[in-house]
Amino acid sequence: MVGTGRTISEYQKNQVVFTQGDPANGIFYVQKGKVKLTVVSDNGKEAVIAMLSIGDFLGEGCLAGRPLYLGTATAISECSILRLEKSSMMRLLHEEAAFSELFVSYLLSRNIRIEEDLVDQLFNSSEKRLARVLLLLANFGKEGKPEPVIAKISQETLAEMIGTTRSRVSFFMNKFRKLGFIEYNSGLHGLHVHSSLLNIVLHD
């Protein structure tokens with residue numbers, strides 16, 4: 001899928017794909033790797049609003065007329081990302097029925113995920129939120145085989161994702177490890193997530 005209005009770029013870890021406030025004139029599709037989407041408030045507070053991987057789109061708000069990107073997308077591993085100009089994306093949606101169905105399906109599943117995240121924030125403890133995020137990062141519940149190993153991710157990032165402090169994340173991570181739900185060495189490198197972690201999410 002490379003041609004007029006379509007480019008594939010390789011990104012190294014910590015390289016920025018696009019920045020909050022940049023003109024929203026393209027859609028991005030993750031072909032390889034993982035990307036985090038962050039937003040910074042007017043007072044400088046940063047929050048991680050999404051962790052995206054293979055098969056996910058970024059920047060789709062421009063299709064609805066949003067002039068600027070609302071967040072910053074940063075590679076958290078080596079990535080290969082396809083960029084589609086807005087006009088190319090619109091043409092694909094009109095001319096390619098299969099692609100259009102794929103994109104609509106993606107938007108619906110993303111919308112469901114956002115609703116689940118909202119319910120999670122409103123009603124669940126930070127311990128349950130952390131367990132759910134770890135399971136999502138390991139692709140539990142997605143089609144295909146779960147990835148029990150997660151690339152290195154900081155406790156600060158996890159804290160931003162669930163709206164709590166790094167010290168609370170550290171406490172829960174140690175608890176999960178002692179219970180045998182997860183395995184990791186120093187710095188959360190090579191984090192293994194076991195399906196038994198679902199016990200935390202499902203337990204009342």
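A crossing of two helices is left-handed if the near helix is turned anticlockwise from the far one by less than a right angle, and right-handed if clockwise. The model toured here is predicted: local features need pLDDT of at least 70, side-chain atom pairs count only at pLDDT 80 or more, and totals for chains, interfaces and linings use all residues. Residues are numbered from 1 along each chain as its sequence is written, and side-chain values use heavy atoms, without hydrogens and water.

Select helix 2 (residues 97–123) and helix 3; helices are DSSP runs of H or I with at least four residues, strands are E runs of at least two, and both are numbered from the N terminus. Helix 2 passes helix 3 in a left-handed crossing.

Now show the side chains R113, E116, D117, D120 and Q121 on helix 2, and R129, R132 and L136 on helix 3; these make the contact (heavy atoms within 4.5 Å). One of these residues is nonpolar, one polar and six charged.

Next, select L134, F176, I182, V193 and L197, which touch the most other members of the largest nonpolar core, a set of 28 residues. Such a core joins buried Ala, Val, Leu, Ile, Met, Phe, Trp, Tyr and Cys residues through side-chain atoms within 4.5 Å, buried being under 20% relative accessible area with a 1.4 Å probe, protein chains only. Helix 3 gives the most to this core, with six residues.

Centre on F176: leaving aside residues up to four places away in sequence, F176 touches E127, L130, A131, L134, F181, I182, L197 and I200.

Finish at V17, L52, A75 and C79, among the 26 residues of a second, separate core.

Conventions. Buried < 20%, exposed > 50% of the residue type's maximum accessible area, 1.4 Å probe, protein only. Axes fitted to C-alpha atoms, helices over the stretch in contact; angles between N-to-C directions. Nonpolar A, V, L, I, M, F, W, Y, C, P; charged D, E, K, R; others polar.
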